[in-house]
Amino acid sequence: MKRKEKFASMLSGWKLFLFVIVTYTVLFLIAFQGYIISKQSTSAIEKQYNQIIFDKMDALSVNMINYLNYIDDFARTLSVKPDLKSMIRENRDGTREAVEGALNYFRLRFPLYIQILTAQDRVFAYPPVEQKEEEQFKTTLASFPWYGQRLVLDNSYPRADVAADFHFSAFPNALYVSKNIVQDDRSLGTLTIKMNGTLIETMLDTVRINEANAVFILSPEGRILFRNEPSSAFSGDLASLGTNGIDGLIRRNGEDSGSGQIRIAEQDCYFIYKLIPSTNWEILSIVPLRSLNAESVGVWQTTAMTTAFSVLLIVTSFWILYIKLTLPLQRMSRIVRMASEGATPEPYEYRGFKELETLNRGMYRFFEQIQLHIRTIRQSESEKRQLEMHVLQAQMRPHFWHNSLNALRFMALLHGDSTMADAILALTRMLDYTLKNTGVLFGMVEEEKDYAIQYIRFHEIRSMQKIDVKLDLDERSLQARIPKFTLQPLLENAVTHGFRAPFAKVPSLAITTRLADGTLTICIADNGNGMDDDTRRLLLLPRAQEGGGRQTSGISLLNLQERIRLEYGEPYGIRVVSGLGEGTEVVVTLPWITDAKKEGELS
């Protein structure tokens, strides 16, 4: 028995030892893998730096050439504008009008400054310049090597120069593109277009791969034309190399591009140079080697830290996630599956991650909201079907009424009763609108307006009382789609209750429509008797309609309110403003819809 226990103890010890060996072997393999990866990453980073800088230089070269071509085309176009030549000949300043037209045509997306030095030594500028700036411009222009022969130069191509910005000497160098303005083989003056060097120096920043990367644009003579912000550390030493030194640096292989290492500004640096095509300028990028190696060192450090903590983090994270995330999610998944099968899930109390606690509580609230929405949808669908049935029942379908009314109107005309004929005609037109497209629940505002006018006409004849109707309709609103029989019940309420005796004034109705922010507002105002606040508040309540005291002909005001709310929801509906002896104003708000077919129409 003791032998078995001893053997089992030894076997357990070997298992533990084997587990430790396997664990350390895995850790060693992870560390070795990290070493290989970091070494390969360091080599790949150094190669990628070289390729990235060359690619960025290519992109910068393309952008520079595009800018120069834009300015070249702009200068050629501007130098041959007749109105500009006329301005120079007449010695009058019309630079703004002439230049703005060309700027609008070319739609240049960078700022340019246009100066014209005429043969009479007068300067026209856009934007305008002060006298001091004008003199500085003349001085800058005079420093260009071709200035002495500017009036006899070949006019076939512009000349590009880089010099100090004449607006403010503290600015970076500026690019000047100059071209003669010629007419009848005679020079009228020199057109000079200036582009700020800030834009070019901003473009140089796109070539940088880190904060210490200095980028220059050099002339064939080795002069620094443009540089970015980090370049100040190398500018002095680079200028001290002179023309021969820089030429020996960037022309080492006799090619248009190349790379290598130099020591400059007491730093070991890596440089890359490239010639800008179609120009004689070079781009020179200088990067300190320590900044290149910084990311490689970071890779080594990251690898070491990852190796040291990887196993501990994996085991700890696995335990936490399994206890606090995996198991609760499985429980919640079963709860959702039960709910989908129609069963009512039991509450599950979870304590752990705040997000899962919120999810657990929200899940049960979501189940409750679903049941509530189902009940609401069923109730809304039932009310909508009942409303549609009411609307269909309220419409006068039989066509023999139309034929009978036409016969009565014909008989009235035969007997010379034009008033009766007009009344029957108005009633017939109302019937036509009612019977037309009986399955359609929506009509245009213009159709509703015509129907309402016929109703007013019929009421005038019936009551033998003239009603003054004022229309103020937004032209756009006439094509808007609104529920059918919207205006008529509002007008019927006005003439039936608003003008009910005793009423001594001339009846007046105002119909107004307005469109604003996607909302159609219809206002029906009368100068009738009005109503007190209690009556107005009860007007749209269901209990106010049960006694039949305030009913419209066929479709009540409450019916219309319910149709609008069921179809469009909040905030659309009817609002009533009234006071005793002050008339009544009914305001209907609807969404502005002009579709050929409105969703919800009967087929």
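Aspartate 121 is found in the loop between strand 1 (113-118) and strand 2, where helices (H or I, at least four residues) and strands (E, at least two) are DSSP runs numbered from the N terminus. The structure is a predicted model, in which local features need pLDDT of at least 70, side-chain atom pairs count only at pLDDT 80 or more, and totals for chains, interfaces and linings use all residues. Residues are numbered from 1 along each chain as its sequence is written, and side-chain values use heavy atoms, with hydrogens and water left out.

**Backbone geometry**

- Most residues other than glycine have a negative phi, and most peptide bonds are trans.
- Aspartate 121, although not a glycine, has a positive phi of about 65 degrees.
- With a relative accessible area of 41%, aspartate 121 is partly exposed; buried means under 20% relative accessible area, exposed over 50%, and partly exposed in between (1.4 Å probe, protein chains only).
- Phenylalanine 485 is likewise not a glycine and has a positive phi of about 60 degrees; its place is in the loop between strand 13 (481-483) and helix 13.
- The peptide bond from tyrosine 126 to proline 127 is cis, with omega near 0 degrees, and proline 127 is found in the loop between strand 2 (123-126) and helix 4 (131-142).
- A second case is the cis bond joining glutamate 570 and proline 571, with omega about 0 degrees; proline 571 is found in the loop between helix 16 and strand 16.

**Chain overview**

- The chain holds 16 helices and 17 strands.
- Of its 603 residues, 41% count as buried.
- Among contacts between residues at least 6 apart in sequence, 63% join residues at least 24 apart, a contact being heavy atoms within 4.5 Å.

**Largest pocket**

- The largest pocket has a volume of about 540 Å³.
- On a 1 Å grid over the protein atoms alone, a pocket is an open set of points where a 1.4 Å probe fits, with protein on both sides within 12 Å along at least five of seven lines, and lining residues have an atom within 4 Å of a point.
- Grid points are joined across faces, edges and corners, and the volume is the space filled by probe spheres set on the points.
- The lining comprises 24 residues, of which Arg159, Ala160, Asp161, Asn280 and Trp281 lie nearest the centre of the pocket.
- Helix 1 (2-79) and strand 3 (159-163) are the elements that give two or more residues to this lining, and the largest share, five residues, comes from strand 3.
- By residue class, the lining divides into 13 nonpolar, six polar and five charged residues; Ala, Val, Leu, Ile, Met, Phe, Trp, Tyr, Cys and Pro count as nonpolar, Asp, Glu, Lys and Arg as charged, and the others, Gly among them, as polar.

**Helix 13**

- Helix 13 (residues 487-498) has twelve residues and reaches 15 Å from its first C-alpha to its last, close to the 16 Å expected at 1.5 Å a residue; the expected span is 1.5 Å times one less than the number of residues.
- Eleven of the twelve residues are buried, among them Leu487, Glu492 and His497.
- These buried residues pack against helix 12 (445-463), strand 14 (508-516), strand 15 (519-526), helix 16 (557-568) and strand 17 (584-591).

**Serine 578**

- Serine 578 is in strand 16 (residues 573-578) and counts as buried at 13% relative accessibility.
- A polar contact of 3.0 Å joins its side chain to that of threonine 584; such a contact is a pair of N or O atoms within 3.5 Å, where within protein one must be able to donate a hydrogen and the other to accept it, and residues adjacent in sequence count only if both atoms are side-chain atoms.
- A polar atom of the serine 578 side chain also lies 3.0 Å from the backbone nitrogen of methionine 531.
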